[in-house]
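Work through the exercises below with the sequence and the 3D view open. Each task is followed by a solution in steps.

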Amino acid sequence: MQSRSGGLVLTEAITPPMWLLAELTYKCPLQCAYCANPVDFARHKDELSTDQWISIFQQARELGAAQLGFSGGEPLLRDDLEILVEEARKLGFYTNLITSGIGMDEARVERLKAVGLDHIQISFQASSEELNNRLAGSNKAFAQKIAMAKAVKAAGYPMVLNYVIHRHNIDYIEQILELSLELQADYVELANAQYHGWAYQNRSHLLPSREQLLRAEETTNRFREKTGDKMKTFFIIPDYFEDRPKACMNGWGSIFLTVSPDGKALPCHNARLLPLEFPDLTTTSVESAWFGSDAFNAFRGDEWMKEPCRSCDEKQKDFGGCRCQALLITGDARQTDPVCSKSPHHPKITALVSNSVEPDVDLEPMLFRNMKNSLKLVKVAGQEPQ
């Protein structure tokens, strides 16, 4: 199969990306301690222009990408968001805005609707104003989220709510579900924190106990039985509590293409922490990045795998699991994801879960996601921001 650009020879085994995630900015008015943005985002201040984003959309759509998510940071901080949505809609994308709701009002909801935005997902930190605002680092966040959830529903969008669940809010699952029902949510995602990015830095503060997780799941199941089809609820178990890894991103470089604010092409939004040279879409085409770059081919197939993955009969189900998790826990991105019970590093995970008790008072305070703390982590790593 011959490429349309650059004379690149492609293999039939590599399918085009179907899902494009546009991380428009790392800027955000909130300071969530579990944010998936890179902890060193202070080093990455450049942002693609409107025209550069549109070019990326065009190239990805030509390859076959059908869904486009706008995320960040907070994508509402981009003044050109409506322009980008409109151009994406013209190209034929199904578009989804993933937002905190901060920076939106009823008029902006209507503008986004007018230019063709298909879907809005609003995130909450908790079900109470006090806890939500404490976790978000903003004393006005909760009231704004409630108002915007109502505005999104009034505009005719499906009501989609997301809560990142962790030690500090997991015991309030019933209240979270009651709030969601009150807001007439159609879909609720109870996304237990996965320990990458800022969540990894704050793992000792955020990791719940197994007992908390089981109670929360039981509460969710009872609520489903009580409410029936009124609201679809998804409870996502954190990797650390599994004995087999998830098929991370449905396989490395298989379906999902993430583009960072400064134009790096990534197989997932956390991949930037890996020791790979990711393609720069300001100088490289989307097609070349996806099919031909060393980074995207690094973990395709199974040649890269070490034992026990190499000979495992489940490797076509989970693809060895998460490369970022393997690096963070074992120091080697080629290792089996340590959440797998077959991994020689699995005891590290079981020890973490066993020790997930209430944090000692002597622990360092939670590291909230903000520029000051990002700069601190950059300096600890011996790097300088751009």
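**Exercise 1.** Find Met249 and decide whether Met249 is buried, partly exposed or exposed.

Solution. Step 1: buried means under 20% relative accessible area, exposed means over 50%, and partly exposed lies in between (1.4 Å probe, protein chains only). Step 2: the relative accessible area of Met249 is 22%, so Met249 is partly exposed. Step 3: Met249 is in the loop between strand 7 and strand 8; helices (H or I, at least four residues) and strands (E, at least two) are DSSP runs, numbered from the N terminus. Step 4: the phi of Met249 is positive, near 55°, and Met249 is not a glycine. For background, most residues other than glycine have a negative phi, and most peptide bonds are trans.

The model is predicted: local features need pLDDT of at least 70, side-chain atom pairs count only at pLDDT 80 or more, and totals for chains, interfaces and linings use all residues. Residues are numbered from 1 along each chain as its sequence is written, and side-chain values use heavy atoms, with hydrogens and water left out.

**Exercise 2.** Describe the backbone and exposure of Phe319.

Solution. Step 1: Phe319 is not a glycine, yet has a positive phi of about 55°. Step 2: Phe319 sits in the loop between helix 12 and helix 13 (323-330). Step 3: with a relative accessible area of 29%, Phe319 is partly exposed.

**Exercise 3.** Locate the peptide bonds from Gly72 to Gly73 and from Glu307 to Pro308, and state whether each is cis or trans.

Solution. Step 1: the bond from Gly72 to Gly73 is cis, with omega near 20°. Step 2: Gly73 belongs to the loop between strand 2 (67-71) and helix 2 (81-91). Step 3: the bond from Glu307 to Pro308 is also cis, with omega near 10°. Step 4: Pro308 is in the loop between helix 11 (294-297) and helix 12 (315-318).

**Exercise 4.** How many aromatic pairs does the structure hold, and how are the rings of Trp19 and Phe256 placed?

Solution. Step 1: rings of Phe, Tyr and Trp (its six-membered ring) pair if their centres lie within 6.5 Å; planes under 30 degrees apart count as stacked, over 60 as edge-to-face and the rest as tilted. Step 2: the structure holds 11 such pairs. Step 3: the ring centres of Trp19 and Phe256 are 6.1 Å apart and the planes are at 40°, so this pair is tilted. Step 4: Trp19 is in strand 1 (residues 19-23) and Phe256 in strand 8 (residues 256-259), so the pair ties together parts 237 residues apart in sequence. Step 5: the rings of Trp53 and Phe57 have centres 6.0 Å apart and planes at 35°, so that pair is tilted. Step 6: Trp53 and Phe57 lie four residues apart in helix 1 (residues 50-63), about one turn of the helix, and both are buried. Step 7: Trp53, Phe57, Phe70 and Phe93 form one aromatic cluster.

**Exercise 5.** Which residues of helix 6 (residues 173-182) are buried, and where do they lie around the axis?

Solution. Step 1: the buried residues are Ile173, Ile176, Leu177, Leu179 and Ser180. Step 3: the residue Gln184, which follows helix 6, has a positive phi near 60°.
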